[in-house]
Amino acid sequence: MGRLDGDRRSWLRGAPPPRWVRALPLLLVAGVCAATLTSPDPLDIGFLLGAIPPLAVLSYGPVATALLGAAVVVMLNVPAFQLDRPGRTDVLTVSFVAVLSVFVAFVRRRRDVQLDTERTIAEAAQNALVPPVPERVGAVACAGLYRAAQRGTLVGGDFFDVRTCGQGVRAVLGDVQGHGLAAVATVASLLGAFREAVLDQPDLERVAARLDRRLVTDSARVTHAELFATAVLLEFAPGADAVRIVVCGHPPPVLLRDGTATEVDLAPWTPLGLGLPEGAPLTAHVLPLRPGDRLFVASDGVSEARDAAGVFYPLLERLPALADGADPAATADREWRDVRAYSPEIRDDVTMLVLAPDRPAGR
């Protein structure tokens, strides 16, 4: 399962600095040395050396910053460098900047260690909450991809899971109200209810009812909570010759068959947490499967992505080419890269689940 920020996080947002940033202080030292040693006349460029310690703070720890600061002070006092006789005030100023840079580098290194620790804990929490989908669950090849919309977070309001049970393989993909850290508790509650219901509920409709009851109960505990979530639930028969689908306020799954992509035509029910209708029973849609069929399920972060002109992402037009000859993991990765290229700004959580039932030919 893809994670947040692996391809979005820049060095200004916590990633290690690029090589050119690390090389800047050394290049500046080398440039000043080369210019002064080759010039026949003294050069008034000593002010450039004052920038070296602050630049070192961006990439190096306190020890390396201190060494570079000491080198700068030495260069200011060595006549061979012909730095136009810097005054006492100039040397004291650069020395003070170097000492201050060492202190800043020490503080930055301590904070980097703390942030790395917190990020590791966040990744462990996400793995516990929404663990990576195995490459295969029962007779179904799987791939899941998740990208949170809120920068700097690894968890959000989308979720998915795939589990085996006595009825075959059951899967869920959903999107809770809101996104980011505020939705994490609701995601945890729904996934816990799904994993329990998969084991003891005889049909998919009752699994959906269990999730709905979970949200209704959680919402009743908090005044004006109004918790709700959209979701798609699927159940693949043991022989992988059919899939039962329940859609609760979510975009329907897309069937990939013979080089085409079509939305599964079914009647959606209300989102989870609003109470399932009592007048009409919830009935799963049964879709017969052929060898080679695949199902693509995604959050509305995919279908509602817009280009610079405000045009929605054409999922059904682009998906067949992206899925051609690709396994589930490659399909999800290609789709994500295409959405990113299409939309200049992704404002919602993006979640995808690609399911390829392994039905032998002739069955």
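The chain has nine helices and 11 strands. The model is a predicted one. Of the 363 residues in the chain, 45% are buried. The accessible surface comes to about 18100 Å², and carbon and sulfur atoms account for 58% of that area. Among contacts between residues at least 6 apart in sequence, 69% join residues at least 24 apart.

Six strands form an open sheet in the order 1-2-11-10-7-8, with antiparallel pairing. Strand 1 (136–137) and strand 8 (260–263) stand at the edges; each has a single partner strand, so one side of each is left without a neighbour in the sheet. Strands of a sheet pair through backbone hydrogen bonds, either parallel or antiparallel.

The pairings can be followed through the sheet. Strand 2 (residues 140–147) runs antiparallel to strand 11 and is joined to it by eight bridges. Within this pair, Tyr146 has Thr351 in strand 11 as its bridge partner. Strand 11 (residues 350–357) is in turn joined to strand 10 by four bridges, again in the antiparallel sense. Here Phe296 stands opposite Val354 of strand 11.

Strand 10 (residues 294–298) deserves a separate look. Five of its five residues are buried. In a regular strand the side chains alternate between the two faces of the sheet. In strand 10, Arg294, Phe296 and Ala298 point one way, while Leu295 and Val297 point the other way, and all are buried.

The next topic is the nonpolar interior. In soluble globular proteins, nonpolar side chains tend to be buried together. The largest nonpolar core here has 55 residues, of which Val162, Leu233, Leu234, Phe236, Ile245, Leu353 and Leu355 touch the most other members. Helix 5 (residues 184–200) gives the most to this core, with seven residues. A second, separate core has 21 residues, including Phe296, Leu319, Leu322 and Val350. Leu353 can be taken as an example of the packing. Not counting residues up to four places away in sequence, Leu353 touches Val133, Ala143, Gly144, Phe160, Val162, Ala171, Val172, Leu173, Leu295, Phe296 and Val297.

Helix 8 (residues 315–323) has Leu315, Leu319, Pro320, Leu322 and Ala323 as its buried residues. These buried residues pack against strand 7, strand 8, strand 10, helix 7 (300–303) and helix 9 (328–342). Helix 8 is followed by Gly325, which has a positive phi near 70 degrees.

Thr262 lies in strand 8. Its relative accessible area is 41%, so Thr262 is partly exposed. Leaving aside neighbours within four places in sequence, Thr262 is in contact with Pro253, Val254, Leu255 and Leu316. The C-alpha atoms of Thr262 and Pro320 are separated by 9.6 Å, although the two residues are 58 residues apart along the chain.

Ala240 has a phi near 55 degrees, a positive value in a residue other than glycine. Ala240 lies in the loop between strand 5 (229–236) and strand 6 (242–248). Its relative accessibility is 1%, so Ala240 counts as buried. Asp258 also has a positive phi near 55 degrees, and its place is in the loop between strand 7 and strand 8. Asp258 counts as exposed because its relative accessibility is 69%.

Phe96, Leu100, Phe103 and Val104 make a nonpolar surface patch of about 410 Å². Val104 belongs to helix 4 (residues 88–129) and, at 38% relative accessibility, counts as partly exposed. Ala34 is found in helix 1 (residues 19–38). With a relative accessibility of 42%, Ala34 likewise counts as partly exposed. Ala34 and Phe81 are 47 residues apart in sequence, and their C-alpha atoms are 9.1 Å apart in space.

Key: Residues numbered from 1 in each chain as written. Predicted model: local features only at pLDDT ≥ 70, side-chain atom pairs only at ≥ 80, totals over all residues. Heavy atoms only, no water. Core = buried A, V, L, I, M, F, W, Y, C linked by side-chain atoms within 4.5 Å. Buried < 20%, exposed > 50% of the residue type's maximum accessible area, 1.4 Å probe, protein only. Helix = DSSP H or I, 4+ residues; strand = E, 2+ residues; numbered from the N terminus. Contact = heavy atoms within 4.5 Å. Patch = residues over 30% accessible without salt bridge, like charges linked within 9 Å, V, L, I, M, F, W, Y side chains within 5 Å. Areas by Shrake-Rupley, 256 points an atom, 1.4 Å probe, with all protein chains shown as cover. Salt bridge = Lys/Arg side-chain N within 4 Å of Asp/Glu carboxyl O. Pairing = 2+ DSSP bridges.
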